[in-house]
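Open the model in your viewer and keep the selection panel at hand. Each stop below says what to select next and what is there.

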Amino acid sequence: MCVPNHRFGYSRHAWLRRTAFAAWLTIGLGGCAAGQSPAAGQDQIAEPQGASPAGNYLAARQAERMRDHAMAAQFLDRAVADDPANFELLTRAHTAMINDGRFAEAVELARRILAVSQRNPSAQLTLAVDAIAKRNFDDARARFEDVPLAGINRVVAPLVIAWLAAAKDQPAAALNALRPLNEVEGFRPLHDYHAGLLSEYAGRRDAAIDYLRRAATVDGGAPSRIVSVAGAFFERIGRPDEARAIYEKNQFRRNEDDPRLPPIATPVEGIAETFYDIAAALRQDNSAHLSLTYARLALAAQPGMGDALLLVGEIYEQQRRREEALTLYGRIDPQTSAGWAAGLRMAETLHLLDRTDEAIALLDRMAADRPDRVDPLLVKGQILRIKERFGEAVRAYDTALMRVKQVERRHWSLFYARGIAHERAKQWSQAEADFVRALELEPDQPDVLNYLAYSWVDRGLHFDRARTMLDRAVAQRPNSGHIVDSLGWVLYRTGKYEEAVPVLERAVELQPEDPVLLDHLGDAYWRVGRQLEAQFQWRRSLGNKPDPELKASLERKLKDGLPTSTSQREN
């Protein structure tokens, strides 16, 4: 385990920026970097038959690179059996067992590691978690005596030691244990959050109020989990107005019928929360490998922790371990807030596994169970759009809109999504009305500006208004290939070919494999007399899997070129 001295996302840990958090990860990484290459998402490797010791090791390294945790653990287990005194194999196998959820085997490997390296922080942490899960808090506390307070342990150790003090009914010692967090730049909100949780656990309500209020009102917005926990706390103590103020400050939407996160009931739950918070922060910092490790530690301490199961499942999805993700989602209590999110994730995962009918059936059940919720209908509409079942997608969005009691600014995305479904279903008047309504709610939304303006241009409508809208969209998203292309296309369609060329070239630089963008650039080259370059771009477009209609158009142009333009505004 690489612990170097130390609704779709569910925790936006704002205090853990790369400049703060990643720096701690870098300290003391040593030999723990193996298996962290960005090759996630590849298919599972085949298991060789009768592999040699060296073969097991090499296969394990390949599995690590591919994030196939189960296969890495299996090969490393064999490699350790072949060479039991090899310290590198022991540490790699230990990490692999943690990440594959085989915690009992990781514990045994940790004992073997400590026989060689008594102060090994990864092994000590594993045995501390094992003691915590068994409620042997004294043994767990003793494990931290041998862990250097360096690197990420400057964060992990104070949090765990504080909750271990709470387990001994020592609330003052618990808060005192958290103080080192204030010495780590940017970690004051994490200190206040856990100080609030510890204070509520100890029955010190006034202290909990101060700490949680401070944690939830940081400049720039608090993480969504802190907002949710703090809001639930203030609702619980009869201060709904303060909860509402926290939600509004952080632009946090809370469904009134959703289950609230309960208070921390035991120190073990607090320790699991600690590991989960670190795992979620690491995930935000694109450190999926370490995020998985800490999420697994949270589950080792508290096996049924829904948020940790959800996080591990999402990491597996990112790594295309979708069947494993489904299994994890299925373990989450559906009556919890994590359970509802897991249901939505299950539907999306089923769709990605080409089990779309199962996904739709699940979303229909969720929508029927909660007639106040629109999110299962939104996911359903998105899946149906991807499957090009546009009429059904429109009906899903229609039902979602009927559930909206009062249309607000945030509902622009619902009108936008339905507009796309209408447009793809060749229902242009309805699509146009939805796009216009979306812009009434969010006038400068660049995606809507782009979609409506491009649709007008493609139909030979409202060129001047489209140009103005696309200028506004590009100003907001100058690195979006599709939006830059739309601006180039309106210039092309109004006969400004020389102006269009550099804009369309920029679009292709941003998205060099998009067949539509390549086709547009080819057309512009042809109009300015650069026929060979035009044909080159059309061939590139043809080689990037265009849809059948574009494919036929490209083949015609490669044979005959473009017809002579008879109008400044081409049709």
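Is tyrosine 492 buried or exposed? Select tyrosine 492 to begin. Its relative accessible area is 2%, so tyrosine 492 is buried. Bear in mind throughout that this is a predicted model.

**Stop 1**

Now show helix H26, residues 481-493, which holds both residues. They are 3 residues apart there, about one turn of the helix. Tryptophan 489 has 7% relative accessibility, so this residue counts as buried too.

**Stop 2: the whole protein**

Zoom out. The protein has 571 residues, and 54% of them count as buried. Switch to cartoon view: there are 30 helices and 0 strands. The accessible area comes to about 25,500 Å², and carbon and sulfur atoms account for 48% of that.

**Stop 3**

Hide the surface and select Phe275 and Tyr294. These residues have the most contacts inside the largest nonpolar core, which has 111 residues. Next, colour helix H8, residues 153-167. Helix H8 gives the most to this core, with 11 residues. Then move to Leu326, Leu363, Ala466 and Tyr525. They are among the 72 residues of a second, separate core.

**Stop 3: an aromatic cluster**

How many aromatic pairs does a search of the whole structure find? The search finds 12. Select tryptophan 428 and phenylalanine 435 for one of the ring pairs. Their ring centres are 6.5 Å apart and their planes meet at 50 degrees, so the pair is tilted. Both tryptophan 428 and phenylalanine 435 are buried.

**Stop 4: charges over rings**

Arginine 459 lies over the face of tryptophan 428, at 4.1 Å from the ring centre. Now pick phenylalanine 415 and arginine 437. The charged end of arginine 437 sits over the ring of phenylalanine 415, 5.7 Å from its centre.

**Stop 5: a loop between helices**

Show helix H22 (412-424) and helix H23 (428-441). Alanine 425 lies in the loop between them. With 26% relative accessibility, alanine 425 counts as partly exposed. Alanine 425 and arginine 385 are 40 residues apart along the chain, and 9.8 Å separates their C-alpha atoms.

**Stop 6: salt bridges**

A search of the whole structure finds 44 salt bridges. Visit three of them.

- Select aspartate 100 and arginine 102. Their side chains meet in a salt bridge at 4.0 Å, N to O. Aspartate 100 is buried, at 16% relative accessible area. Arginine 102 is partly exposed, at 23%. Why do the two fall into separate classes? Buried means under 20%.
- Select arginine 389 and glutamate 392. The closest N and O atoms of this salt bridge are 2.8 Å apart. Arginine 389 is partly exposed, with a relative accessible area of 26%. Glutamate 392 is also partly exposed, with 31%.
- Select aspartate 471 and arginine 467. Their salt bridge spans 3.2 Å, N to O. Both residues lie in helix H25 (residues 463-476), 4 residues apart, about one turn of the helix. Aspartate 471 has 34% relative accessibility and counts as partly exposed. Arginine 467 has 28% and counts as partly exposed.

Then jump to Asp210, Arg213, Arg239 and Glu242. Salt bridges with shared partners join these four into one network.

**Stop 7: glutamine 476**

Return to helix H25 and select glutamine 476, which lies in this helix. Its relative accessible area is 41%, so glutamine 476 is partly exposed. Which residues does glutamine 476 contact, leaving aside its neighbours within four places in sequence? They are Asp444, Pro446 and Leu449. Finish with a C-alpha distance from glutamine 476 to proline 446. These two are 30 residues apart in sequence and 6.8 Å apart in space.

Technical notes: Residues numbered from 1 in each chain as written. Predicted model: local features only at pLDDT ≥ 70, side-chain atom pairs only at ≥ 80, totals over all residues. Heavy atoms only, no water. Helix = DSSP H or I, 4+ residues; strand = E, 2+ residues; numbered from the N terminus. Buried < 20%, exposed > 50% of the residue type's maximum accessible area, 1.4 Å probe, protein only. Areas by Shrake-Rupley, 256 points an atom, 1.4 Å probe, with all protein chains shown as cover. Core = buried A, V, L, I, M, F, W, Y, C linked by side-chain atoms within 4.5 Å. Phe/Tyr/Trp six-rings, centres within 6.5 Å; stacked < 30°, edge-to-face > 60°. Lys NZ or Arg CZ within 6 Å of the ring centre and 35° of its normal. Contact = heavy atoms within 4.5 Å.
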